[in-house]
Amino acid sequence: MPLLSLISVVTALRAAGCVFAEDEAELILATAPTPDEAAAMVDRRVAGLPLELVLGWAEFAGLRITVEPGVFVPRRRTEHLVEQALATAPDARVVVDLCCGSGAVGAALAASLDGVELHAADIDPAAVRCARRNLASYGGHAHRGDLFAALPDHLRGRVDILAANVPYVPTGEVPLLPSEARDHEPLVALDGGTDGLDVLRRVAAGAPDWLAPGGCLLVETSRRQAPHALDAFRRSGLTARTAVSEERHAHVVIGTRG
Ligand SMILES: C[S@@+](CC[C@H](N)C(=O)[O-])C[C@H]1O[C@@H](n2cnc3c(N)ncnc32)[C@H](O)[C@@H]1O
């Protein structure tokens, strides 16, 4: 196998339609342990595999998060949820990352909060495996199960930050997602039901039992969904507000237990 040059990789990626061919080429060449592996990675990217799955990692909140096939790739806009959590509960001691996927949100929170007790949970076994790897260096625990049913009972009433980046794409809009999501991420990570809010409503309803007094729940939504999410939070007794980042196209709904 000939040594790959940067220029040949850029040319191959550009021909395959990769818009950021130079950046991607540099990342692939810097990540691949051998020239053979670099060539295989270029082939996988040219065949349409998302860059993060080719590399095996995604950048999130300054961290390198391991991502595995079949697991949702953390989006940079979700860094807004992390920043809002840290601003709302800067002294948090107990953190739960519900619907954790790779565990990116939990890892980013633990990296900024010294010595937190960190739990993450997901219904998908592939996500739980991946989160376990990403949370190991923070002493985090990854549990498998349906929303709160996955959590150990001793967390009831003790959670300072409950971060839940739930699936929130309306069922009818899933076919309109880019191929990276539609073809490479599991439906359970994307489909939030008819209006996209099915899982969010269940999280809002269950959260007060698990939050500590003053503890907060944070979810990401679309602009259109945010008022309905606020209603759901208020119906469950939380004090609720939204925090918008126009720059990141991110809407976060924040509920606090009084
Ligand atoms: C949009 S992804 C977010 C993943 C991760 N929090 C992130 O931001 O990268 C939603 C995640 O919710 C999980 N999920 C969907 N329904 C669930 C349920 N009922 N209980 C637990 N996890 C669920 C999916 O498996 C998926 O990993």
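Before going on, two bits of housekeeping. This is a predicted model, where local features need pLDDT of at least 70, side-chain atom pairs count only at pLDDT 80 or more, and totals for chains, interfaces and linings use all residues. Numbering starts from 1 along each chain, following the sequence as written.

Two residues are in contact if their C-beta atoms, placed from the backbone, lie within 7 Å. Between the two domains, the contact takes 8 residues from domain 1 and 13 residues from domain 2. On the domain 1 side, strand β2 (residues 63–66) gives the largest share, 3 residues. Helices (H or I, at least four residues) and strands (E, at least two) are DSSP runs, numbered from the N terminus. By class, this side of domain 1 has 6 nonpolar, 2 polar and no charged residues. For those classes, Ala, Val, Leu, Ile, Met, Phe, Trp, Tyr, Cys and Pro count as nonpolar, Asp, Glu, Lys and Arg as charged, and the others, Gly among them, as polar.

**Helix pairs**

Axes are lines fitted to C-alpha atoms, for helices over the stretch in contact, and angles run from 0 to 180 degrees between N-to-C directions.

| Pair | Angle | Axes apart |
|---|---|---|
| α1 (residues 6–15) and α2 (residues 21–31) | about 125° | 9 Å |
| α2 and α3 (residues 35–46) | about 140° | 9 Å |
| α9 (residues 198–210) and α10 (residues 226–235) | about 25° | 8 Å |

Angles under 35 degrees count as roughly parallel, over 145 as roughly antiparallel, 65 to 115 as roughly perpendicular and the rest as oblique. α1 passes α2 in a right-handed crossing; a crossing is left-handed if the near helix is turned anticlockwise from the far one by less than a right angle, and right-handed if clockwise. On the α1 side you'll find L6, V9, V10, L13 and R14, meeting A21, E22, E24, A25, I28 and L29 of α2. That contact has 8 nonpolar, no polar and 3 charged residues.

The crossing of α2 and α3 is right-handed. Here E24, I28 and L29 of α2 pair up with A38, M41, V42 and R45 of α3, giving 5 nonpolar, no polar and 2 charged residues.

Further along, α9 and α10 are roughly parallel to each other, and α9 passes α10 in a right-handed crossing. L200, R201 and A204 in α9 meet A229, A232 and F233 in α10, a contact with 5 nonpolar, no polar and 1 charged residues.

**Around the ligand**

A residue is near a molecule or strand if its C-beta atom, placed from the backbone, lies within 6 Å of it. Of the 21 residues around the ligand, P74, C99, G101, N165 and A189 come nearest. The shell around the ligand has 14 nonpolar, 4 polar and 3 charged residues.
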